[in-house]
Amino acid sequence: MEDAVAPLIDFETYEENAVNIGTQQRSADMMRFIQEVRDDGLYLIDLTKTDERIRVISKFINQFEPEQVVVASARQYGQRPARMFAESIGAKSSVGRFIPGSFTNPKLPSFYEPGILIVTDPAADQQAVREAVGSGVPIVAICDANNNLRNVDLALPANNKGRRSLALLYWLLSREVLKLRGKTTDEKWLEENNIDDWESTF
């Protein structure tokens, strides 16, 4: 058996922020990311796979220039973390309602040609996903137990509906992307980025 890699943060922190709490429905696509189903019917996401995917996705993001990265979030609780993620790594954010044609119609003021699209939820962000697919843009998505992965190139299995979960996920992704660029360390990131500041306040 291979030695386990130390998690990016302790699993208790993931659990405290409900990152592993899925939905009561499970798609066939997400079966491989599910650890178990609770007595109340909620599917629990395997945090070891969540942790692994954050590493993989951070490396993938860094294959693109910062300005080529676009993060979208129609979900209310994902909007502030997505915007802060974009600001921290130099990417572009599209939060709230996605304007149709933003990736396909050069005449629109909102037009942009992304190199990679990151979405908070492939279902809620389906307009952005659809346009990215049509343009051949790779898609990274935070995917809950009930999500379909048909148009997702790289899934981050996690609770994509909870305020604290989304804040922690984008906080971690930002940290790991910048660490790989040599721009920060765990200690420096903690000093400069209070996780509470990343949570949406509605």
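A residue is called buried here when its relative accessible area is under 20%, exposed when that area is over 50%, and partly exposed in between, with a 1.4 Å probe and protein chains only. Helices (H or I, at least four residues) and strands (E, at least two) are DSSP runs, numbered from the N terminus. In helix α2, the buried residues are Leu-47, Thr-50, Asp-51, Ile-54, Ile-57, Ser-58, Phe-60 and Ile-61.

The structure is a predicted model, in which local features need pLDDT of at least 70 and side-chain atom pairs count only at pLDDT 80 or more, while totals for chains, interfaces and linings use all residues. Residues are numbered from 1 along each chain as its sequence is written, and side-chain values use heavy atoms, with hydrogens and water left out.

**The sheet**

Five strands form an open sheet in the order β4-β3-β5-β6-β7, and their pairing is parallel; two strands pair if DSSP finds at least two bridges between them. The edges are β4 (92–95) and β7 (154–157), each of which pairs on one side only. On average, neighbouring strands of this sheet are turned by 20° against each other, direction ignored; such angles run from 0 to 180 degrees between N-to-C directions, and the axes are lines fitted to C-alpha atoms, for helices over the stretch in contact.

Within the sheet, strand β5 (residues 116–119) points Ile-116 and Ile-118 one way and Leu-117 and Val-119 the other way, and all of these are buried. Four bridges join β5 to strand β3 (residues 69–73), and three bridges join β5 to strand β6 (residues 139–143). The table lists bridge partners of residues in β5.

| Residue in β5 | Residue opposite |
|---|---|
| Ile-116 | Val-69 |
| Val-119 | Ala-72 |

Ala-72, found in strand β3, is buried, with a relative accessible area of 2%. Leaving aside neighbours within four places in sequence, Ala-72 is in contact (heavy atoms within 4.5 Å) with residues including Ser-94, Asp-125, Ala-128 and Tyr-170. Ala-72 and Arg-97 lie 25 residues apart in sequence, yet their C-alpha atoms are 9.2 Å apart in space.

**The helices**

Helix α2 (residues 47–61) lies across β3, β5, β6 and β7, and runs at about 140° to β7. The expected span of a helix is 1.5 Å times one less than its number of residues; for the 15 residues of α2 this gives 21 Å, which agrees with the 21 Å between its end C-alpha atoms.

Ser-174 has its place in α5 (residues 163–180), and at 0% relative accessibility Ser-174 counts as buried. Apart from neighbours within four places in sequence, Ser-174 is in contact with Phe-85, Ser-88, Ile-89, Trp-189 and Trp-198. Just after α5, Gly-182 takes a positive phi of about 75°.
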